[in-house]
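The sequence and structure are shown first.

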Amino acid sequence: MIAENDNELRLKMSEGLFNDAYTRLLDLYALSTAERYRKLIAKWPALLQHVSLKQLASYLRITPTHLSRIRKAIK
């Protein structure tokens with residue numbers, strides 16, 4: 001019984017991880033950098049308090065300079 005629940009948990013977790021990775025990949029190709037930034041901040045509003053701008057730029061696959069321009073244009 002425990003092993004059965006463990007497999008179900010593993011399946012749900014792997015499906016969730018796959019969906020997140022797939023959505024991220026689609027966003028990289030379908031959305032502009034500004035749209036990706038807005039979507040990320042909308043989903044995780046406190047993210048900027050925990051992550052440096054350099055790390056955020058890396059996650060978005062842009063340079064920190066470009067991220068600064070996007071943030072300035074949005075404000």
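Contact here means heavy atoms within 4.5 Å. The model is predicted, so local features need pLDDT of at least 70, side-chain atom pairs count only at pLDDT 80 or more, and totals for chains, interfaces and linings use all residues. Residues are numbered from 1 along each chain as its sequence is written, and side-chain values use heavy atoms, with hydrogens and water left out.

Not counting residues up to four places away in sequence, Tyr 37 touches Leu 48, Leu 56, Leu 60, Leu 67, Ile 70, Arg 71 and Ile 74. Tyr 37 also belongs to the largest nonpolar core, which has nine residues, among them Ala 34, Leu 40, Ala 57 and Ile 62. Such a core is a set of buried Ala, Val, Leu, Ile, Met, Phe, Trp, Tyr and Cys residues joined through side-chain atoms within 4.5 Å. Two or more core residues come from each of H2, H4 (53-60) and H5; helices are DSSP runs (H or I, at least four residues) numbered from the N terminus.

Buried means under 20% relative accessible area and exposed over 50%, with partly exposed in between (1.4 Å probe, protein chains only).

| H2 (33-43) | Ala 34, Arg 36, Tyr 37, Leu 40 | 160° |

The arc is that of the directions from the helix axis to the C-beta atoms. On the other side of H2, Ala 42 and Lys 43 are exposed.
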